Amino acid sequence: MKKFMWMAVAGVLSFAACQEKPGYRISGTIEGVTDGDTVYLQDFVNGNLVKIDSAIVKDGSFEFTGNPDSVTVSRYVTYMKGNQQMTAMVFIEKGDIKLSMASQANMVSGTECNDAYQQFMDKFIAMNKEISTIYQQSQNDSLTDEQRLQLENQLAEKDSLGTEMVFETISSNIGNLVGVQLLTSYADAFDPVKVEGLLAKIPVAYSSNPDVVALKNRVTTLSKTAVGQSFVDFTMNTPEGKSVKLSDFVGQNKYTLVDFWASWCGPCRREMPNVVEAYKAFSKKGFGIVGVSLDESAEDWKKAIKDLNITWPQMSDLKGWQSEGAALYGVRAIPATVLIDQQGNIVARDLRGDQLMSKLGELMK
C-alpha cells in the first residue's frame, strides 16, 4: 500500500491539555474481566507506561476521577492479566468521559477531544477493514491479470480516500489536541507544503511540544530538498575509503539518481533489481546512479554491492540511521530516491519500479 498509515497504531503520543481546567471523571466498562481485578491509568514516558492511578473492577465497571494535568493529558487505561491485555487511550479534559473497553475495540466519548478522536477511529477502522478485505482478495492465485489489476486499482482508490479522510480530520481539529496529535503521527503521508500550512495553525500552547518542534524541523529540511530546489551536496567515503562528494557525480550525468539504501533493508534488496534494470536501460543515454548506504558494517555493505549486481558508484559514512546524507534529505525510511538533473535541480523524489522507468523514459527520449 502506498501509505503506511493503515498499518500504524493511531494516537500513541502525549501532548498538552485540550482544556486545562479541573474536574474529569472516567466512567468505564470492561468486557470479560473478573470483579476485583485492577485497571490502571497510565502515562507514557520515554517509551514506557507508568502507573499513576488504579481502580478496582466491580460489576464490570470502574472509575477514575481527578484534575486535568497541565503537562501531560494523553493517558492510557490498561488491563493486563495473564494473556489478556487491553489498552485504551483517553484524552484527559474537564467533563464526564465514557469509556468502553473490549478485546476487539474501545469506545470513548463525552468530551471534545474524545468525541473527535472516536469519530476518527470509527472511520479509520472501517476503512482499514475495507482495505484488508480487498488486499486479501488480491492475493488469490486464481485471479486473472485483469482481475488483479482491478483490485489493485481499488486498493489505490481506498488508500487515497483514507489519506484524504485523515487530512480532513486533522484540518478540522488542528486547533485542539486531536488534530495536533494526528498531524505529528501521520505527517509523512502528506505533501510537506500541506503539512507546513497545518503547522502554522497549531495553537501557541502546543508549539513547544517536542513532537511538534521535531516535525517543524523535518518540514524545513524537506522543503529545502523538495522538487524544484537545488540539490544539497555532502561528502562521504566510497567502499574503498576514498572521500567523494555527491557533486562529483551530478555534473557527469544528464540525470543522477541518489539511491538511499542499506544491505540490511529487505525492501531495498527487493527494489534493487528494478534499479539495476533502469541503469542498464538508460546509462548509455546519460543516466547515472549514486548509492548512499545507511549501513554500519563496511563488510556487509561491500557484500551486498556484489550480491545485488550493483555497478554504479557508492558512498557512505557507515553511521546507519545517523547518516548525515540521509538527514540532509529528510530520509526516515528506505529505499528512498532523489532524481537530480545536470544543472543540480531536484526533478523527482521517491521514484521506484515502473514509476522510475516511466519518468526516465519521459526525460530521456
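A disulfide is counted here as a pair of cysteine sulfur atoms within 2.5 Å. By this rule the count for the chain comes to one disulfide, which joins Cys265 to Cys268 with an S to S distance of 2.4 Å. The torsion about the S-S bond of Cys265 and Cys268 is about 75°, so the disulfide is right-handed. In general terms, a disulfide is a covalent bond between the sulfur atoms of two cysteines. Both partners can be described by their relative accessible area, for which buried means under 20%, exposed over 50%, and partly exposed in between, with a 1.4 Å probe and protein chains only. Cys265 is buried at 4%, and Cys268 is likewise buried, at 2%.

The structure is a predicted model, in which local features need a pLDDT of at least 70 and side-chain atom pairs count only at pLDDT 80 or more, whereas totals for chains, interfaces and linings use all residues. Residues are numbered from 1 along each chain as its sequence is written, and side-chain values use heavy atoms, with hydrogens and water left out.

Helices (H or I, at least four residues) and strands (E, at least two) were taken as DSSP runs and numbered from the N terminus; on this basis the chain has ten helices and 15 strands. The C-alpha trace spans about 75 × 50 × 40 Å along its principal axes, and of the 365 residues of the chain, 45% count as buried. When a contact is taken to mean heavy atoms within 4.5 Å, residues 24 or more positions apart account for 65% of the contacts in the chain with a separation of 6 or more.

Helix α3, residues 177-186, has nine of its ten residues buried, so it is largely enclosed by the rest of the structure. Among these buried residues are Leu177, Val178, Gly179 and Tyr186. The buried residues of α3 pack against strands β5 (74-81) and β6, and also against helices α1 (112-138), α2 (145-173), α4 (192-199) and α5 (210-224). At the start of α3, a side-chain oxygen of Asn176 reaches to within 2.9 Å of the backbone nitrogen of Val178. This is a polar contact, that is, a pair of N or O atoms within 3.5 Å, where within protein one must be able to donate a hydrogen and the other to accept it, and where residues adjacent in sequence count only if both atoms are side-chain atoms.

Several loop residues were also examined. Glu93 lies in the loop between β6 (84-91) and β7 (95-101) and counts as buried, at 0% relative accessibility. The side chain of Glu93 reaches the backbone nitrogen of Asn114 at 3.4 Å.

Two residues have a positive phi although neither is a glycine: Asn46, at about 50°, and Asp350, at about 55°. Asn46 is placed in the loop between β2 (38-45) and β3 (48-56) and is exposed, with a relative accessible area of 75%. Asp350, in the loop between β15 (346-349) and α10 (353-363), counts as partly exposed at 34% relative accessibility. Finally, the peptide bond from Ile334 to Pro335 is cis, with omega near 5°, and Pro335 is found in the loop between α9 (324-328) and β14 (336-341).
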